[in-house]
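Here are a few notes from my pass through this one, kept to one helix packing and some charged pairs. Have the model open while you read.

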Amino acid sequence: MSSPTGPVSGLPVRMPRPRQPGRHRRPEPAAAPAGAPPLVLAVPGTPDVATRRLAEETLSIARSELPGLDARIGYVDVLPDTDGAEGYPALDAVLGYAAAQRAAREAEARAAEDADGAVDVWAQAPDAVVVPLLAGPDSSVLRRIRQSVMNSGAAAELTDALGPHPLLAEALHVRLSEAGLARADRARLFTVATAADGIVLATVGGEEAVQAAGISGMLLSARLAVPVLAAALDAEGAVARAAEQLRGSGSRNLALAPCFVGPEVDETLTAMAAKEAGCAAAEPLGAYPAIGKLVLAHYASALGISVQPAPQGASAR
């Protein structure tokens with residue numbers, strides 16, 4: 001888990017694999033630049049042990065892609081009377097601490113500059129880069145994140161949500177295949193008896209989120225060769241209506257694919273919507289490797305850092 005001062009022991013942290021010898025070894029990933037602002041993962045939803053583990057695993061994936069990355073967790077929806085309790089630091093507290101660290105470093109840098117003329121290359125960078133743990137835009141959550149940034153007093157940069165992105169379509173495909181609702185690989189000559197012939201892509205965050213999920217849905221449809229319709233999980237009856245539309249166009253065996261990470265949604269909503277639509281449901285995206293990679297990509301883009309892509313064919317959990 002993380003605290004305002006950084007990672008705390010108690011949970012496994014994914015470390016970079018040892019460099020393999022020989023001319024066929026994998027390229028060594030670039031290390032995080034010294035002195036770069038921290039990545040702060042803004043985690044929505046009610047903080048609990050499962051959410052903390054998911055967030056830690058997501059950041060472990062990001063650290064494995066960029067060794068030395070200073071990555072921290074800030075919770076968006078921590079209640080005022082429990083701020084920071086039980087290892088769930090509020091986002092504004094994490095950002096405030098990052099700003100204080102930055103101020104201390106700048107004081108040291110000014111002293112060093114007076115002594116030897118050294119220049120801080122990150123002098124114009126933000127105190128931190130905040131990446132929302134959101135698969136798509138959710139105006140309500142993003143509004144709360146912006147408010148936390150303002151309350152912290154930190155000069156933090158907030159990135160967009162993680163999607164839409166082709167990697168999300170990959171993650172959706174994997175979650176469906178894990179649930180036995182899609183073939184793992186369309187190129188392989190085997191079938192899944194329960195494979196869906198129509199997918200309802202469930203999201204949260206209003207119409208903007210549905211439109212963004214629709215883009216990922218088109219990519220998923222191309223992967224599975226079945227129709228995919230996006231629907232708002234938090235709009236009453238929307239999932240059931242999408243299911244009826246798919247059935248009206250000829251689909252008979254439907255599946256619900258959650259297009260969200262997990263903490264931002266009450267888990268009972270997915271089960272209720274799947275029951276109303278009369279279909280099975282896959283698991284949320286969770287800490288699928290693509291989520292950690294997208295978090296890192298948004299951080300790197302905000303700072304203009306080039307991150308070497310992971311080798312093709314690398315295994316993914």
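1. A crossing is called right-handed if the near helix is turned clockwise from the far one by less than a right angle, and left-handed if anticlockwise. Keep in mind that this is a predicted model. In it, α1 passes α8 in a right-handed crossing. The contact uses Thr 58, Ile 61, Ala 62 and Glu 65 from α1, and Pro 289, Ile 291, Gly 292, Lys 293, Val 295 and Leu 296 from α8. By type, that is six nonpolar, two polar and two charged residues.

2. On the geometry of that pair: the axes of α1 (residues 49–65) and α8 (residues 289–303) come within 8 Å, crossing at roughly 65 degrees.

3. Now the charges. There are six salt bridges in the whole structure. One of them pairs Asp 77 with Arg 144, with 2.7 Å between the closest N and O atoms. Asp 77 sits in the loop between β4 and α2 and Arg 144 in helix α3, so this bridge ties together parts 67 residues apart in sequence. Asp 77 is partly exposed at 23% relative accessibility, and Arg 144 is partly exposed at 32%.

4. Have a look at Arg 102 too, which is linked with Glu 106 and Asp 127 in a network of salt bridges. Glu 106 meets Arg 102 at 3.1 Å, N to O; the two are four residues apart in helix α2, so about one helical turn separates them. For Arg 102 and Asp 127 the closest N and O atoms are 3.4 Å apart. That pair links distant parts of the chain, with Asp 127 in the loop between α2 and β5, 25 residues from Arg 102.

5. Which of these are buried? Both Arg 102 and Asp 127 are, with Arg 102 at 7% relative accessible area, while Glu 106 is partly exposed at 27%.

Conventions
Residues are numbered from 1 along each chain as its sequence is written. This is a predicted model: local features need pLDDT of at least 70, side-chain atom pairs count only at pLDDT 80 or more; totals for chains, interfaces and linings use all residues. Side-chain values use heavy atoms; hydrogens and water are left out. Axes are lines fitted to C-alpha atoms, for helices over the stretch in contact, and angles run from 0 to 180 degrees between N-to-C directions. Contact means heavy atoms within 4.5 Å. Ala, Val, Leu, Ile, Met, Phe, Trp, Tyr, Cys and Pro count as nonpolar, Asp, Glu, Lys and Arg as charged, and the others, Gly among them, as polar. A salt bridge is a side-chain nitrogen of Lys or Arg within 4 Å of a carboxyl oxygen of Asp or Glu. Buried means under 20% relative accessible area, exposed over 50%, partly exposed in between (1.4 Å probe, protein chains only).
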